[in-house]
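Hi everyone, thanks for coming along. I'd like to walk you through one model today, so please have a look at the screen.

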Amino acid sequence: MIVRIRGRALPDGEYVDLYADGDRWTTDPVPGADLVAEGWLLPGLVDAHTHPGAEEPGDPMDEEILRADLRRHVDAGSR
């Protein structure tokens with residue numbers, strides 16, 4: 001079954017129709033898709049915050065751990 005979700009997309013509030021066919025999403029109209037939901041559409045939000053410099057959040061800052069964490073952050077951004 002192909003489903004359609006209709007909603008106002010942020011940030012401009014324009015209406016958008018999204019179609020899901022298995023694991024594929026598209027804005028290209030798909031004839032016969034069932035409208036299953038209407039509302040506001042939000043972009044994917046990712047929790048990408050980190051706690052550099054400590055083994056666990058709330059632990060005291062450790063300079064050696066901080067330097068290693070920051071190197072990993074730089075390496076991750078260069079891919």
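**A walk from the helix to the sheet**

Let's start with D69, which is buried because its relative accessible area is 11%; buried means under 20% relative accessible area, exposed over 50%, and partly exposed in between, with a 1.4 Å probe and protein chains only. Before going on, a word on the ground rules: this is a predicted model, where local features need pLDDT of at least 70, side-chain atom pairs count only at pLDDT 80 or more, and totals for chains, interfaces and linings use all residues. Residues are numbered from 1 along each chain as its sequence is written, and side-chain values use heavy atoms, with hydrogens and water left out.

Back to D69, which sits in helix α1. When I say helix or strand, I mean DSSP runs numbered from the N terminus, H or I with at least four residues for helices and E with at least two for strands. What does the side chain of D69 make a polar contact with? The partner is the side chain of R72, at 2.3 Å. A polar contact here is a pair of N or O atoms within 3.5 Å; within protein, one must be able to donate a hydrogen and the other to accept it, and residues adjacent in sequence count only if both atoms are side-chain atoms. Setting aside neighbours within four places in sequence, D69 is in contact with H51, P52, G53 and A54, where contact means heavy atoms within 4.5 Å.

That brings us to P52, in the loop between β4 (34-41) and α1 (63-77). Its relative accessibility is 28%, so P52 counts as partly exposed. Not counting residues up to four places away in sequence, P52 touches M61, L66, D69 and L70. D62 and P52 are 10 residues apart in sequence, and their C-alpha atoms are 9.0 Å apart.

Now for the sheet. In what order do the 4 strands of the open sheet stand? The order is β3-β2-β1-β4, and the pairing is mixed; two strands pair if DSSP finds at least two bridges between them. β3 and β4 stand at the edges with a single partner strand each, so one side of each has no neighbour in the sheet. From one strand to the next, the twist averages 25°, using axes that are lines fitted to C-alpha atoms, for helices over the stretch in contact, with angles from 0 to 180 degrees between N-to-C directions.

Let's take the pairs in turn. β1 (residues 3-9) and β2 (residues 14-21) run antiparallel and are joined by 7 bridges. Among the residue pairs, I5 has L18 as its bridge partner in β2, and V3 stands opposite A20. The two strands form a hairpin with 4 residues between them, and G13 in the turn has a positive phi of about 80°. β1 and β4, by contrast, run parallel, again with 7 bridges; R6 has E38 as its bridge partner in β4.

Last stop: T26, in strand β3 (residues 24-26). T26 counts as buried because its relative accessibility is 10%. Its side chain reaches the backbone nitrogen of D28 at 3.0 Å. Leaving aside neighbours within four places in sequence, T26 is in contact with D17, L18 and Y19.
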